[in-house]
Amino acid sequence: MVQQSMSQKFLDIYQNGNIVSSVATADIDSMVVGDNANARSVDFYHGGEVFHHTMANSIDSVKLFRAEDEPLVYLGIVGFNQELYEKPFGVLQKSSASDFKTFVSNLSRKDGTLLYYGVDHAIDMLSSQDFPTNFASVNLITFTDGLDQGSLMMNGSYSTDEQYLNAVNQRIKNTKVKGLPLTAYSLGLRGSDVTNYNLFQSNLNKLASSADKAFEVSSMSAVRSKLQEISDQIISISNKQTISMRIPGQSNGTLIRFTFDGNAAANSSLYIEGTFNLSDRSLRDVSYHGIKAESGSFIQGKQDGIFVTYTFTGLQRKDGNGLIPTSNIKQYYKSATATSWQVNSEFSPENNTQTTISHAGTVIMLVLDCSSSLGTQFSDMQSYAKDFIDRVAENAATHMERPFGNSIGGVGGTYVVNGVEFRMVAVEGGTFQMGATSEQQSPDSDEKPVHQVTLSSFSIGETEVTQELWEAVMGSNPSYFKGSRLPVECVSWNDCQTFITKLNQLTGQTFRLPTEAEWEYAARGGNQSKGYQYSGSNNIGEVAWYDGNSSSKTHDVALKAPNELGLCDMSGNVWEWCQDWYGSYSSSSQTNPQGPSSGSNRVYRGGSWNNRAWLCRVSNRSYNSPSLTSGHLGFRLAQ
């Protein structure tokens, strides 16, 4: 449901402890309890008409629910093997995510694979649920590692796998929920026991709503990456932007063009154009290129002296590739007699634009393979499904309506710079023991003495700064290993400061390098730490690229499992510069330590692709000149 304010109320109707329907209080004029075929019923009225009807004997309780600062995401889950495990739909918020994750944790692994029957049942759940109206999308996500085994025993309407699969495919294509079609994704990790590869591929293709939504993956880490990609795409589809732009008035009939991709007017593929009307200060014959919009072809301007502000509502990229970038908007004009575009050199996004991002509700159904053929990968599947739940809850909250400005989110938010998104993870402050604690098993004297450190809350990059982000800010790429999603390397501490200065100018934010204490606290998992030797595990191969598995090169960020806070690659891949000068530890307790006040070397942490495992421990320290550049040195942001 489109959030109309920062706090909207709903009535949640419960039966057997589950939400069976949810009604926005703003839609309710009155409720009437009456008789219907000798049974008691409850009717909800809006505008003199019944818009929601339920039987009284199906109601256990009614709860007044306030959607605090988060938009509505409805989540349901079906697990399958020789039986089905059902988690009915409920509202997914950061505060309720643990309930869904507990369900995933409690899933059990057994023989059998009721793949078709499980998806069929999930569609039944979607069709029968009485959701609020006006949400943005309905999504069905199926993960499997094999073929169907047993669905024909559960549904006697079909005699072959192909018949049942085709029937489910038709349901995916034809089912609508509140008038919206299903967007169905399928992820397949082919198990070693699958010999009928053609049927496996057919399963993936027919359990997806289109060919581009079917993904065969080669590893569980790729499952995690794909789930992250899908979660971001779902939230992106639900996002709409309102952009206001202020320009000087022009001659009557002047063409006005706003470009959003940083290109000149003639070369832009992402722009809005209209004709200035002097008599009423409007833009007429407005057209949108690469952009979908709710605002029409006539935009009434708001005059302020010689300036006019135009507001465009409900904007989305047609290609669905994230948000419309707002950090490099340019304004061009062309008079009725001119032959070429003229740039308005005084127009700047910082001073002349305002952006609000709103998020419409969405529905997600997860269908998860719990068959015994997954073996030890079953626990990985559970972990990555829980990561997906956290990511959707976090991203939905991040993309809630935001105040005007160029950046998206705040602490723990998602940001966009020249079309490139990056994510900051909120880290709740706390107290920890810093240095060579018992599990670190370090002989290095500079990791001692262990000392108590208390930190305030901060945010830190989910991953290292990537090459695509560096290029979006700096316009160049110094890295030895080239790839857009590879971490940037060959950057000195001084280079990092230059990058951060420019990034802050583009976003209006206050990014920085993490202090050494912040880095170690985050790498240990913050106040959710499980005491691992490496960031997220005692098994380095699960969480890090190091000399034992890297093939002597860096790798795309976030391919390895995250740590307890959802942070990736804090062990291995590239060393990460910290803000501090290098110095010896003190045994005294400290609060928000900043390191020595001066020095000759800066600290870096985490180990890299060409290091042995023990150098990738979370307590390990290294240092060098702030002018050093190397193919194993990168960084991540803090705020």
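How are α2 and α4 oriented to each other?

1. α2 and α4 are roughly parallel to each other, a label given to angles under 35 degrees, with over 145 counting as roughly antiparallel, 65 to 115 as roughly perpendicular and the rest as oblique. The axes of α2 (residues 115-128) and α4 (residues 161-174) come within 10 Å and cross at roughly 25 degrees. Axes are lines fitted to C-alpha atoms, for helices over the stretch in contact, and angles run from 0 to 180 degrees between N-to-C directions. Helices are DSSP runs (H or I, at least four residues), numbered from the N terminus.

2. This is a predicted model, in which local features need pLDDT of at least 70, side-chain atom pairs count only at pLDDT 80 or more, and totals for chains, interfaces and linings use all residues. Residues are numbered from 1 along each chain as its sequence is written, and side-chain values use heavy atoms, with hydrogens and water left out.

3. α2 passes α4 in a left-handed crossing (the near helix is turned anticlockwise from the far one by less than a right angle). On the α2 side, Y116, Y117, V119, D120, I123, D124 and S127 meet D161, Y164, L165, V168, R171 and I172 of α4; contact means heavy atoms within 4.5 Å. The residues of this contact divide into 8 nonpolar, 1 polar and 4 charged. Nonpolar covers Ala, Val, Leu, Ile, Met, Phe, Trp, Tyr, Cys and Pro; charged covers Asp, Glu, Lys and Arg; the others, Gly among them, are polar.

4. α4 also packs with α5 (residues 197-206), at an angle of about 20 degrees and with axes 9 Å apart. α4 and α5 are therefore roughly parallel to each other. In this contact D161, E162, L165, N166, N169 and I172 of α4 meet L199, S202, N203 and K206 of α5.

5. L469, W470, V473 and M474 of α9 make the contact with D495, T498, F499, K502, L503 and L506 of α10.

6. The second largest cavity is lined by F143, V223, L227, L368, M381 and A385. A cavity is a set of points, on a 1 Å grid over the protein atoms alone, where a 1.4 Å probe fits but cannot get out; lining residues have an atom within 4 Å of a point. The lining has 6 nonpolar residues, no polar and no charged.

Note on methods:
On a 1 Å grid over the protein atoms alone, a cavity is a set of points where a 1.4 Å probe fits but cannot get out, and a pocket is an open set with protein on both sides within 12 Å along at least five of seven lines; lining residues have an atom within 4 Å of a point. Helices (H or I, at least four residues) and strands (E, at least two) are DSSP runs, numbered from the N terminus.
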